[in-house]
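Please keep the sequence and the structure in view while reading.

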Amino acid sequence: MKTLYPILILAVTLTGCFDSSHTVAPASHETPSPDAIVSTKDYETQVHINSSVSYTLEDAEERHNEFPDTFWIPPASDRKSLQEGQLVKLMFQIHVDDETQTERMWVIVERNVDHEYIGILDNDPTSTNDIKSGLEVKFGPCHIIEIYE
């Protein structure tokens, strides 16, 4: 059974990302301890960088389902079988104070734990200097819009 996540800023909904039978560590700009495991329903969808900057990841599967002829994403089998070192593109909705911009940025896959990926941001957004390459990013197969070949 899939878990329905809370409606995010700009009515973005993350659905189908994570199988509810798995457990994941909450997304954060801090690295959780290895034994800090929480239920998927507690997965934090908005990551706070500081008091005025945060981001959420847009659900690429949802976007593809809305616009299948114009918004292509890689096959689910590819998105669910990434290996360490692969480069993927995600859509970050970056919230700075009261403004939101969506930026497509590359992330290097560090590891795969039950189809939840942990990666390292590989470029800097244009909307803020508070998010920089090297930031740890947690994401699921549903967030991937491109896999670099």
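What percentage of the contacts in the protein with a separation of 6 or more comes from residues 24 or more positions apart? Such residues account for 52% of those contacts, where contact means heavy atoms within 4.5 Å. The model is predicted, and local features need pLDDT of at least 70, side-chain atom pairs count only at pLDDT 80 or more, and totals for chains, interfaces and linings use all residues. Residues are numbered from 1 along each chain as its sequence is written, and side-chain values use heavy atoms, with hydrogens and water left out.

**Overall layout**

- The protein has two helices and eleven strands, taken as DSSP runs (helices H or I, at least four residues; strands E, at least two) and numbered from the N terminus.
- Along the sequence these elements follow the pattern β-β-β-β-β-β-α-α-β-β-β-β-β.
- Of the 149 residues, 43% count as buried, that is, under 20% relative accessible area, with exposed set at over 50% and partly exposed in between (1.4 Å probe, protein chains only).

- Beyond its neighbours within four places in sequence, Val137 is in contact with a set of residues including Tyr55, Leu90, Phe92, Val107 and Tyr117.

**Aromatic rings**

- There are three aromatic pairs, counted for rings of Phe, Tyr and Trp (its six-membered ring) with centres within 6.5 Å, where planes under 30 degrees apart are stacked, over 60 edge-to-face and the rest tilted.
- The ring centres of Tyr55 and Phe92 lie 5.2 Å apart with planes at 55 degrees, so this pair is tilted.
- Because Tyr55 lies in strand β6 and Phe92 in strand β7, the pair ties together parts that are 37 residues apart in sequence; both residues are buried.
- Trp106 and Tyr148 form an edge-to-face pair, at 6.0 Å centre to centre and 85 degrees between the planes.
- This pair links Trp106 in strand β8 with Tyr148 in the segment after β11, 42 residues apart, and Tyr148 is exposed, with a relative accessible area of 53%.
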